[in-house]
Amino acid sequence: MIKQKLIKQFIVAPDSTVDLKKFPTDWTGTKDAKKLGHDKIKRRSLRILEKNREELAEVQELIYADNTRSVLLIFQAMDAAGKDGTIRHVMAGVNPQGCQVFSFKKPSAEELDHNFLWRYMKALPERGRIGIFNRSYYEDVLVVKVHSEWLDQKRSEGKSDKEFWRERYEDISNFERHLTRNGTLILKFFLHLSKGEQKRRFLERLTNSDKYWKVSPSDMKERQFWREYQEAFERAISATSTKWAPWYIIPADRKYVARALVADIIVGAIKHLDLKYPTVSPEAMKALVAARKELEGNGKKSKARKRKRPRGEKPEPRLQPITQSSPALAQ
C-alpha cells in the first residue's frame, strides 16, 4: 500500500479552490520522486498495481458477500488521458459478475426530456457491486459549460448563468450525498494530463494504423478549447469535492503512476468500510454439520464399505469441524 501521507497530496479538500497548475501532471518530476529515479518508480508502481489488483479481487468478493454497500468509481479527464487504460488495468482481476462499466455518449431525445441526472440514475450499481462511470454526469458541467450552445434550452428562464451553474453543482453534491447515505461509496478521479503529453499521444495515434480508431477530428477540435476545459474542471472540482465524495487529482502523464495510485486508493477506501462476511444462524449451522457428516460417511444413510487403499496411496485428509469462522461459510 502507498503511504497515506502521499495519497493525501492528491485529494481535493472540501471548500477549497482548485488551481490545476499547482497539481503535477508528471509525478516523477516532483522533488520527492526525483530522489528515487524513473526506473525505480516504474518498477515500484507496477508492483503496487499488481498487489492491489489481487487485493481488489478479494475485497470485491467481500462487497458481494456483505451485500450492504456498493461502490461507484467516476473517471473524468481530457481526451487521451488514459481513462480506458486505467479502468482496464486496475480492474483486470475483478470478477465481471460483480462489476459494471458505463460510458455515456450524447443524450437521446428521451433523456433530454428528463432532468440531467436521470440517465445516470438508471446506471447506478446495486448493493454488492462495483459500478464505473467512464465520463459521467459531470459532463453536464464540463463539455456543456464549454459549449453553451449544447445546453438544453428548457432551463428555467430568468436565471443568470452564474446562478444556473451554482445550482447544477448543488444538485450533483446533493445527489452524491443521497447515494452515500444509502450505502454507496463514491470515488472520483480526475486524470490530470498535460497539454504536451496529450499532443504526444495524439501524434502516436495518428502515426500508428492500429490506433487510428482511437482518434477523431473532433478530438483535434476540442483541443482548441484546452484553457476553457481547464477552467471548467477547476470550478466543477472545487464545487463538488466533499467529505462524502472527494475528488482525487491523479497525475496522468505517466500511465504506470496513474494506475498504481488509482488502484491503491480504491482498495484502501473499500477496506476502510470494514465489511464482513455474513454469519450463519444456529439452525443453518446444524444443517451444515449434518450435511458434512453425511458426506464424510458418518451418517446413518451412509454405510458403504470402505474402499481398500492400494499400497503407497496416501489417505484423504481429515476435514476440520465446521465453525463460524470457517472460510467455507463465506462462499
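Let me start with a count by class. The lining of the largest cavity has three nonpolar, two polar and two charged residues. Keep in mind that this is a predicted model.

Which residues are they? Ala-81, Gly-82 and Thr-86 are among those that line the largest cavity. Ala-252, Lys-255, Ala-258 and Arg-259 line this cavity too. Now sort them. Ala-81, Ala-252 and Ala-258 count as nonpolar.

Rolling a probe the size of a water molecule over the atoms shows where empty space is left.

Next, a helix pair. Helix 8 covers residues 161-181, and helix 11 covers residues 226-240. They pack at an angle of about 45 degrees. Their axes are 9 Å apart. What do we call that arrangement? Angles under 35 degrees count as roughly parallel, and 65 to 115 as roughly perpendicular. Helix 8 and helix 11 are therefore oblique to each other. Their crossing is right-handed.

Where do they meet? On helix 8, look at Tyr-169, Ile-172, Ser-173 and Glu-176. On helix 11, the partners are Arg-235, Ala-236, Ala-239 and Thr-240. By class, this contact has four nonpolar, two polar and two charged residues.

That's the tour. Thanks.

Note on methods:
Residues numbered from 1 in each chain as written. Predicted model: local features only at pLDDT ≥ 70, side-chain atom pairs only at ≥ 80, totals over all residues. Heavy atoms only, no water. 1 Å grid on protein atoms, 1.4 Å probe; cavity = no way out; pocket = protein on both sides within 12 Å on 5 of 7 lines; lining within 4 Å. Axes fitted to C-alpha atoms, helices over the stretch in contact; angles between N-to-C directions. Helix = DSSP H or I, 4+ residues; strand = E, 2+ residues; numbered from the N terminus. Parallel < 35°, antiparallel > 145°, perpendicular 65-115°, else oblique. Left-handed = near helix turned anticlockwise from the far one by under 90°. Contact = heavy atoms within 4.5 Å.
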